[in-house]
4 protein chains.
Amino acid sequence: MKVGVIGTGRIGRLHIENILLYFPFVKIGGVFDINKKSLQQTASRFKIAHVFDNADTLLNDASIKALLICSSTDTHAQLIKKAAEKKKHVFCEKPIDLHPQVIDEVLKIVHRYGIKFQVGFNRRFDRNFQALKNKINQGIIGTPHILKITSRDPEPPPGDYILRSGGLFKDMMIHDFDMLRFLLDTEVEEVFALGTARIYTGEMAQKDIDTAVVTLRCKNASICVIDNSRQSVYGYDQRVEVFGSRGNIVARNEYPNTLQTSTVDGVWNDAPLYFFLDRYRDSYREELRMFFHAVEHDQAVSVNGYDGRQPVYIAQAALQSLTQKRSVMLHEVDTLLQKNNG
Amino acid sequence: MKVGVIGTGRIGRLHIENILLYFPFVKIGGVFDINKKSLQQTASRFKIAHVFDNADTLLNDASIKALLICSSTDTHAQLIKKAAEKKKHVFCEKPIDLHPQVIDEVLKIVHRYGIKFQVGFNRRFDRNFQALKNKINQGIIGTPHILKITSRDPEPPPGDYILRSGGLFKDMMIHDFDMLRFLLDTEVEEVFALGTARIYTGEMAQKDIDTAVVTLRCKNASICVIDNSRQSVYGYDQRVEVFGSRGNIVARNEYPNTLQTSTVDGVWNDAPLYFFLDRYRDSYREELRMFFHAVEHDQAVSVNGYDGRQPVYIAQAALQSLTQKRSVMLHEVDTLLQKNNG
Amino acid sequence: MKVGVIGTGRIGRLHIENILLYFPFVKIGGVFDINKKSLQQTASRFKIAHVFDNADTLLNDASIKALLICSSTDTHAQLIKKAAEKKKHVFCEKPIDLHPQVIDEVLKIVHRYGIKFQVGFNRRFDRNFQALKNKINQGIIGTPHILKITSRDPEPPPGDYILRSGGLFKDMMIHDFDMLRFLLDTEVEEVFALGTARIYTGEMAQKDIDTAVVTLRCKNASICVIDNSRQSVYGYDQRVEVFGSRGNIVARNEYPNTLQTSTVDGVWNDAPLYFFLDRYRDSYREELRMFFHAVEHDQAVSVNGYDGRQPVYIAQAALQSLTQKRSVMLHEVDTLLQKNNG
Amino acid sequence: MKVGVIGTGRIGRLHIENILLYFPFVKIGGVFDINKKSLQQTASRFKIAHVFDNADTLLNDASIKALLICSSTDTHAQLIKKAAEKKKHVFCEKPIDLHPQVIDEVLKIVHRYGIKFQVGFNRRFDRNFQALKNKINQGIIGTPHILKITSRDPEPPPGDYILRSGGLFKDMMIHDFDMLRFLLDTEVEEVFALGTARIYTGEMAQKDIDTAVVTLRCKNASICVIDNSRQSVYGYDQRVEVFGSRGNIVARNEYPNTLQTSTVDGVWNDAPLYFFLDRYRDSYREELRMFFHAVEHDQAVSVNGYDGRQPVYIAQAALQSLTQKRSVMLHEVDTLLQKNNG
């Protein structure tokens, strides 16, 4: 199977590396990035022969069966549409798009052409969250009543990235909205958001928040709460807790080692893994494995277009809630968008 | 110092036992309970000579310097007023009253007569939360940004208790509203509540919730979230987490022992302490110690009337938020009450 | 019940305090200490009326039913004998005596007069080791194969104490020899000791060791290993691990609080409880409760004379092993002592 | 660089897989195994073209620069000698040989021909033990006083393997003897062993032990204790603790996930990783990386012949100690072997 990779930034290179290491039956049939320097460095580092001048040429290469879209979010929709028209399967980084209505258009086209379409919510493939979901499904904690997600980055991304990213809800908490749907197999109905800028200063603090707590009510009556911070000085803090009628499960952080040291200062461990590429290294490999498996064996993908759509809608509701200081029903987002479009 | 104890239920008896065990300089100068059987059993068990027929006689006993009010909530206000008029110092179980405006009246009288008045938020005296506050004050985690409180009871109290209790917010989460104020030294501005009945059935489920998540925004810009459940099958779950600009602190549960057992089934500990009287045994002793100290040395009490008032106001805001599906500002509660009174 | 207390050092005062706090049915009928200053301070602090000029007068007081012997080890044997002759029950601090043959004489007299005789191996009453023994007895880990005890003091006692104490094996590791017998319900057959002075300097390092690892083989085929250090800078380190055919149990340390703090330096807890009086506070109370119970209800004591004897024999074997660089059978100690006596 | 692999059992295949996955600059220039079926399956599974009929032909292939010896222990010595004569570098699985004097002969030849020679003590490359050694070297716990290693297999290997393996000390505890030398950078002087058969039955129990505790005194005065069991029902138990003048470090077990589940039965984690290939997966890759690095850059290997020799000598001393019920000095083994040879 030949795949094309569009976008050779951090994530694009990670996927390329994983393909070369773990999936010998997959060949890199082409790469493209709008940044020529990044493109050439990547091609050179990984000895990729097929370097394309533009995305369209790559999309026109009939030998390429599937596309990995790792470029900036504003390019996703067009690339997906074109790939679908060429009947190429697509693995697309999150979010599909910042605008819910654009996503809905994209998904219609994906559906029309019947391609495999997987969205890059890699955390679903983390060994801990997989095990957590299994235990929930086995009924070990009974019916879930409360879900709590802690998700804190070690440090904020660069300012220009943040401004293009769609903001904390659509760039960062979107992973947690997806985690909620993944773990509880339900849909969100109501969203309330509190957020503030505690780390950003100046213009940044005007344009986005860096600290937020969002509560959500689901169709299955469970209540969820997600807290995010852009700056956790002790490392990447990624924990999930599910409380149910028969018990409670916590997925704790991952550490660089298992050492516990006792001195006059107390008993301590090294800080949790600092970087998301360390913490989720294996999950990036596993999501690709599942995508290639779905393409090869013509099976359903594990994170489909609807899974990519819903977190953006929830993020949109969170944004409205933050502005309007009230809880927002998810169906309001739909209605509002239809009205605006009408 | 002679004290009178009104109310010989579970908490009243606990206070009596602690006085006899740990405070030899304090004498039980009188006890009263409306339930004659409970009164006699208590007097007999603890060999208390001075058993009163009614509260007024006890209040009139000039030898009694301070009063412990452990009777049902609806009796608190009257008892406090009368004690104040007799210039007796008062230690009163939480909440002072279910109605904010009643509390405000009570506090005026307390202030007029200048008595010592301490409210029974015992958890402030728990060794873990004391240590937590110390570490925050030492600046170990920098400026607090997010506070998370988990507070889950092992099983619901009897139905008739719940119905008289003022509901989950005023009976149970009130402790957590106080913990927030204690740990962060700030006031709440905005409250949003999600709650539901997952454990209660029938009429109970109509009248109260048993599962709730409340988010709060504070004057110091920190965001707080509290989750409560009336039924945590694995025991009493009492955890607090404070995330700040320089770190994170978690106060974890207390366990009956330090054993860790490994078998083919995994690695396990015994469940956390099941009952609040086990978990908070020492904190009940310490709050009395501080009260007696304040009375003896004419010093400020450690949990004053205003500390007793604010959590009820927050609970009132949470109730409104739950009904109105929007966040409620704490000053709205004040305004609303004034309007209703006017 | 009236008790006499001989020895008003740290442990004597602790027992007096516990009696006054927790055992209202027990009266302090007399105290004596060879150190007049300590005696008077203790009597004054605890308002004890009956202060004796010498041990004999106290022993002659017919109203005293039981004796707590908390004086220095070299006085134990004589005091026990005299108490037994007066038919007073005895609670004696460990060790009974430093010399095995003296212990055997004492135990004969105890047996002849039929008094209750309990030895102060307080750790048997620690909640963790109690729970550990219960789990072993329930068969949770199957048949024990390996027992590991870690026992490290935060800092060495004063030099003159160490020199009088009988050395590390008879003063400190004796507790662990007892723990082994308590947990496994077996007898030791073979002992091998490695020890060295790593903390002591000068004369002290010539006269005693401060760091030791002792391995022991038991009649029930289990193998045990105990490590001791006189100086654990991070606090009192008291852990036990039992490995068996069906699992493993670890009794971990006790901490001053449950806090876990994460900063750029890592994730840390406060150090374990530093002092044995903090770590074993409750166990000192419980051993007295059991002794008073045995006296009151004429039941067998929970730590009898034989339990007091065996650890001294094991310590004697460890001393021989250390000198002779070979493992020593416990029956050799008996034989040797008989020969020396013959 | 072309390498040959002799032995296509479990470890041989693991090394081949790691080479193919992680070391693209290393080519498998040949494989051989005395078991033709295993050889063919391996060649087929990994698409290895160069399958040899016998070891000598492989050794004669001039294109092969280095040899991985993964065959049974009794073949190691001859293979190393022949490889050395052909000036091929050697990576050899542990132990070099069961007989100390054979090892000494092998090492002379290795030295004479100046080849790189690394012994497969993979655990040295485990991230936890690496971090542990770093912390010791940084002086975090001061001078080491006591080292404790727990090493328990989940289940015994097949009986015929055990009988050929040299027994528990030379097959299993040898890893721990190496760990001691690695972590403390010292040599063992004195060894005392207690061991017994608790799991084996019948003939097996006559021929080998399955449970052992060995204490060792080192040149640097530290005391070490190692406990082994062939059957730890809760999984692979691999822990190390180093106690020093300024603190204590524990390397704890690795788990399949970070989940902690609370139910009425208690609070539990899944059992530790069960299998050594899971626990030490990365360390097997890292030891190869270091070997290839040493060969490529003509640098010293990280585990040299002397490191391969010493654990066998310690194991030999442990065997003597077990039989003679006394501690055995390591230099006695040397002397004894010389006498036997003379």
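This is a predicted model: local features need pLDDT of at least 70, side-chain atom pairs count only at pLDDT 80 or more; totals for chains, interfaces and linings use all residues.
**Entry 1: two helix pairs**

I started with H1 (residues 10-22) and H2 (residues 36-45) of chain A. Their axes come within 11 Å and cross at roughly 15°, so I log H1(A) and H2(A) as roughly parallel to each other. The crossing of H1(A) past H2(A) is right-handed. On the H1(A) side I find Arg13(A), Ile16(A) and Glu17(A), and they meet Ser38(A), Thr42(A) and Arg45(A) of H2(A). I sorted the residues of this contact into three charged, two polar and one nonpolar.

Next I went to chain C, for H6 (residues 127-137) and H9 (residues 174-184). I get an angle of about 35° here, with the axes 9 Å apart. H6(C) brings Phe129(C), Gln130(C), Leu132(C), Lys133(C) and Ile136(C) to the contact, and H9(C) brings Met179(C), Phe182(C) and Leu183(C). The residues of this contact split into six nonpolar, one polar and one charged.

**Entry 2: Asp227(A)**

Is Asp227(A) buried or exposed? I looked it up: its relative accessibility is 1%, so Asp227(A) goes down as buried. The residue sits in strand E9 of chain A, which runs over residues 223-229.

Which side chains does the Asp227(A) side chain touch through polar contacts? I found Arg152(A) at 2.9 Å, and, over in chain B, Lys148(B) at 2.6 Å. Beyond its neighbours within four places in sequence, I also listed contacts of Asp227(A) with residues including Ile149(A), Thr150(A), Ala212(A), Val213(A) and Ile146(B).

Most peptide bonds are trans, and most residues other than glycine have a negative phi. I went looking for exceptions.

The peptide bond between Lys94(A) and Pro95(A) is cis, with omega about -10°. I place Pro95(A) in the loop from strand E4 (89-92) to helix H5 (100-113) of chain A. Pro95(C) is in the loop between E4 (89-92) and H5 (100-113) of chain C.

Then the positive phi values. Lys87(A) is not a glycine, yet I read a phi of about 60°. I traced Lys87(A) to the loop between helix H4 (73-85) and E4 of chain A, and noted it as exposed, with a relative accessible area of 52%. Lys325(B), not a glycine either, has a positive phi of about 55°. I found Lys325(B) in the loop between helix H13 (305-324) and strand E14 (328-329) of chain B. At 40% relative accessibility, I put Lys325(B) down as partly exposed.

Technical notes. Residues are numbered from 1 along each chain as its sequence is written. Chains are lettered from A and ligands numbered from 1 in the order in which they are written. Side-chain values use heavy atoms; hydrogens and water are left out. Helices (H or I, at least four residues) and strands (E, at least two) are DSSP runs, numbered from the N terminus. Buried means under 20% relative accessible area, exposed over 50%, partly exposed in between (1.4 Å probe, protein chains only). A polar contact is a pair of N or O atoms within 3.5 Å; within protein, one must be able to donate a hydrogen and the other to accept it, and residues adjacent in sequence count only if both atoms are side-chain atoms. Contact means heavy atoms within 4.5 Å. Axes are lines fitted to C-alpha atoms, for helices over the stretch in contact, and angles run from 0 to 180 degrees between N-to-C directions. Angles under 35 degrees count as roughly parallel, over 145 as roughly antiparallel, 65 to 115 as roughly perpendicular and the rest as oblique. A crossing is left-handed if the near helix is turned anticlockwise from the far one by less than a right angle, and right-handed if clockwise. Ala, Val, Leu, Ile, Met, Phe, Trp, Tyr, Cys and Pro count as nonpolar, Asp, Glu, Lys and Arg as charged, and the others, Gly among them, as polar.
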